[in-house]
Amino acid sequence: VLGNLRSPGTDILAIVKSFNIPSVFPDKVLRQADRVPDHVQEADMDGRLDLRDLVTVTIDGEDAKDLDDAISLTKEDGIYHLGVHIADVSNYVQGGSALDREALKRGTSVYLADRVIPMLPERLSNGICSLNQGQDRLTLSCLMDVNEKGKVISHKIAETVIRVDERMCYTDVKNILEDTDDVAKKRYESLIPMFFLMKELSGILRSRRHTRGSIDFDFPESKIILNAAGKAIDVQPYEANVATRIIEDFMLLANETVAKEYCEREIPFLYRVHETPDDDKMKKLVTFLQNFGYTMHMQGGQEIRPKEVQKLLDKIEGTPEEAMISRLALRSMKQARYSPDNDGHFGLATQYYTHFTSPIRRYPDLQIHRIIKDNLRGRMNDAKRHHYEKILPEVAMETSSLERRADEAERETLKLKKVQYMRNFFGQEFEGVISGITKWGIYVELPNTVEGLIHINTLRDDYYVFDQDAYELRGDMTGKIFRLGQKVRVRVADADKMLKTVDFVLAEED
């Protein structure tokens, strides 16, 4: 018994339980977390590089409490000195401890519409491990010298201590860079040159990745606004902006730099891999694209290169069929996963990639922090190598499947809240875009990211036939065609909370 179905949050709790996501920490784990000091001890700073005088900021969402990455940036003689400073969680969570075993059991923090189910107890995730403004914090830093072409010409990974000067949010940084907020500009006046420097370097890194063929799927994510009772009162597309891109670009660079060093050192490690897509799936995609007049070149008629996928996404940008082709291209790819073998990352078009930047909320990051520290402290002997070689395949498999579980729970929650929201609009009409066509009907996406189905049985004006090759529904007598990307007016017919589906019917034409 989870509680009254009408009580706030019971609906999401039911999803949490159905996925078997542990939402309560065992007493033993909480007791261990309570014993962790709430401020940095002098002894812990010994032998660390002291970067407390370096101007450092965190940039996160307004409501984020677990801040695991901070940034510093200066430029001299045409060289950018970029510091990506990551919370040293492994200083407080020892391998094999109760805290560690619980973190591995969870694998990742789970972000749902009304709550976060953290990987580590709050005392750690929002306290000593969080890079809070004005507080001394232990970090692992990836200090990179980047030239004006965006190439890392030298780097150093070190145990450090930092003190964050400002806790920034994406909105303020975006508004400062776009010159739309005088209050923010005045408040953060001394940091403005650094933000513009960040924007400059971010642009260089992004175009360098683009040149090598990195694939950027730009789907609008959904943002659900809830009231105090946990009811969805609005659904909006959550758009990436200049500030979110800065953080993404810097984290990607740090992840790549760390992965490359440890691969070259041949030290047992965890990589984030994304394999080349299956030839068969890609051939089907190529055939499908030809119906739309797009081509994709397969190497020797067999293998696809990331650059080809990226060129396709550039071509379809802004076209009515963009969302659908992007989705199909994404579905034709394999899922990224963790692996002790460095098999490269197809989507990012890079040979080296890992997850180093989020140890508060992802177990693989915490695991590789331990490996890095063992190496930095000269403890990477044969026994340690053997230990990591033994445990890493299991950790990779476990965390990959726990990540998928978290993603599915997040998707189910979004579907549920969207349905709840759409129940306020029975009988109302909206303009949408056809996002999918099947033999059982037409999927339509509204501007707020809600997707619903017009069932084929409700199309009464004709007998419609599904043309699989062209992804079209064609009326037998009228010749009327429904195709992807077409704008349609729909009326909300049903929103089923149990099935988590929204049904539309075509609105009557005037």
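**Helix packing, cores and strands in a predicted model**

In helix H8, the residues Phe-195, Met-198, Lys-199, Leu-201, Ser-202, Leu-205, Arg-206, Arg-209 and Arg-212 meet Val-242, Arg-245, Ile-246, Glu-248, Asp-249, Phe-250, Leu-252, Leu-253 and Glu-256 of helix H9. Contact means heavy atoms within 4.5 Å. Helices (H or I, at least four residues) and strands (E, at least two) are DSSP runs, numbered from the N terminus. The model is predicted: local features need pLDDT of at least 70, side-chain atom pairs count only at pLDDT 80 or more, and totals for chains, interfaces and linings use all residues. Residues are numbered from 1 along each chain as its sequence is written, and side-chain values use heavy atoms, with hydrogens and water left out.

The axes of H8 (residues 192-212) and H9 come within 9 Å and cross at roughly 60°. H8 is therefore oblique to H9. Axes are lines fitted to C-alpha atoms, for helices over the stretch in contact, and angles run from 0 to 180 degrees between N-to-C directions. Angles under 35 degrees count as roughly parallel, over 145 as roughly antiparallel, 65 to 115 as roughly perpendicular and the rest as oblique. H8 passes H9 in a left-handed crossing: the near helix is turned anticlockwise from the far one by less than a right angle, whereas clockwise would be right-handed.

A second pair is formed by helix H10 (residues 279-291) and helix H12 (residues 322-331), which pack at about 165° with axes 10 Å apart. H10 is therefore roughly antiparallel to H12. This crossing is also left-handed. From H10, Lys-281, Leu-285, Phe-288 and Leu-289 meet Met-324, Ile-325, Leu-328, Ala-329 and Arg-331 of H12.

The largest nonpolar core has 84 residues, and Phe-195, Met-198 and Phe-250 have the most contacts inside it. Its largest share, 11 residues, comes from H9 (residues 242-264). Another core lies apart from it and has 47 residues, among them Ile-215, Phe-217, Ile-434 and Phe-504. A nonpolar core is a set of buried Ala, Val, Leu, Ile, Met, Phe, Trp, Tyr and Cys residues joined through side-chain atoms within 4.5 Å. Buried means under 20% relative accessible area, exposed over 50%, partly exposed in between (1.4 Å probe, protein chains only). Not counting residues up to four places away in sequence, Met-198 touches Val-57, Ile-59, Ile-71, Leu-73, Ile-246 and Phe-250.

Strand S4 (residues 79-87) has eight of its nine residues buried, so the rest of the structure largely encloses it. Eight bridges join S4 to strand S3 (residues 69-76), and the two run antiparallel. Two strands pair if DSSP finds at least two bridges between them. Glu-76 stands opposite Ile-79 in S4. The hairpin of S3 and S4 has two residues between the strands, and Asp-77 there takes a positive phi near 50°. S4 is also joined by eight bridges to strand S7 (residues 136-146), again antiparallel. Val-84 has Cys-142 in S7 as its bridge partner.

Three bridges join S18 (residues 472-475) to S19. Glu-472 stands opposite Arg-483 in S19.

Ile-15 lies in helix H1 (residues 10-18). Ile-15 counts as buried because its relative accessibility is 6%. The C-alpha atoms of Ile-15 and Ala-409 are separated by 6.7 Å, although these residues are 394 residues apart along the chain.
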